Amino acid sequence: MSRVYLDYNASTPIAPEVADAMRPFLSDHYGNPSSRHWAGAPAKEAVERARAQVATLLGCEPAEVLFTSGGTESNNHAIKGAFFALREQGNHIITTEIEHPAVLNPCRFLERIGAEVTYLPVDGTGMVDPEAVRDAITERTILVSVMHANNEVGAIQPIEEISRSARERNVLFHTDAAQSVGKIPVKVGDMGVDLLSVAGHKVYAPKGVGALFVRRGVQLEPFMHGAGHESGRRAGTENVLLDVALGEACEIAGQALPANTQHLKAMKDELLDKLQARLAETRLNGHPEHCLPNTLSLAIKGVEAHELVDSIRNEIAASAGSACHAGGTTISGVLKAMGVPPEWARGTLRLSTGRTTTLDDISRAVEAIAEAAERLRHG
């Protein structure tokens, strides 16, 4: 059976070059990077090379890159770390209603111990208003956290404008860039951010590794306490194998970025055009222009998306914008925040293209999706 993968926003495969870079660290280079002897030196050198590779992609100094276990830890470290480091100055955090749970849930946790959090709404295209961010800042605001690009609908937020408002009021600004790194340019200097999260398994590295950019001079309470690894910012012996993998993945992403962006968009556009040609009563969720090149959130009226995904899951890997539970259908919080009508939200598919997506993949996916949708529509 020929299968098509269109769920790259959920996870990417490990790039062959990344797997090759990891192999020596599965057997030969087993030393602890903190050890000052012949076995530790190659491990230490590998970690620092990987740190420089990540820094090059982000346009920052290697010393500003902190390795983590993934995007969730990076987000938690940025948000909780800022709160605990700055709680004497203020307790107010600003974020949006469409953030990933790895941002929303740390904010909700902090609310239980004294934080005040403002959750800003978005418009019908999934965009937050920069003026709303500016207006929400108070004398007690210590952090603004707005994602770079939404994982469900692909909307790219006006980060540069938001960061200017934060800087003017001396407020730290964090962005979750898990979905944008490797797809569009992500340069911390241009964006004006103080903190930025990276997830390895969204950029063709393995799961379980990520990075947090921490602008020089920004103080965060460590996420984990112990020995002084990562310049005292994250306890725990460095995971050399995964750090090397993320470094290699970031180097590849930087080298191939323009061509990759063009390819992702071409495949997405082909997918949208063919699906809309085959299926009546469809609509696009998200911003038509300010969006990720690979992310397609398409609502198909008269279809329950979770049923469609289940019916094609042995052929096509895709995600639904709703989930079926015993008590009924739960619509994604992102689509709710955007005001997508329930009849459209329930029929929303998220399809995301990748580096190896082909025109043949698109044709086969369209055929399978269209046939399943028509079958479900007509009982």
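Colleague: How many helices and strands does the protein chain have?
Modeller: The protein chain has 15 helices and 15 strands; helices (H or I, at least four residues) and strands (E, at least two) are DSSP runs, numbered from the N terminus. This is a predicted model, in which local features need pLDDT of at least 70 and side-chain atom pairs count only at pLDDT 80 or more, whereas totals for chains, interfaces and linings use all residues. Residues are numbered from 1 along each chain as its sequence is written, and side-chain values use heavy atoms, with hydrogens and water left out.
Colleague: What is the strand order in the open sheet of 4 strands?
Modeller: The order is S9-S10-S15-S12, with antiparallel pairing; two strands pair if DSSP finds at least two bridges between them.
Colleague: Which strands stand at the edges?
Modeller: Strands S9 (282–285) and S12 (319–320) do; each has a single partner strand, so one side of each lacks a neighbour in the sheet.
Colleague: And how many bridges join S12 to S15?
Modeller: There are 2 bridges between S12 and the antiparallel strand S15 (residues 348–352). Serine 319 lies opposite arginine 350 in S15.
Colleague: Which helix packs on the sheet?
Modeller: Helix H11 (residues 257–278) does, touching S9, S10 (295–300) and S15, where contact means heavy atoms within 4.5 Å. The direction of H11 makes about 10° with that of S10; axes are lines fitted to C-alpha atoms, for helices over the stretch in contact, and angles run from 0 to 180 degrees between N-to-C directions.
Colleague: Changing topic, what box do the C-alpha atoms fill?
Modeller: Along the principal axes, the box is roughly 70 × 55 × 40 Å.
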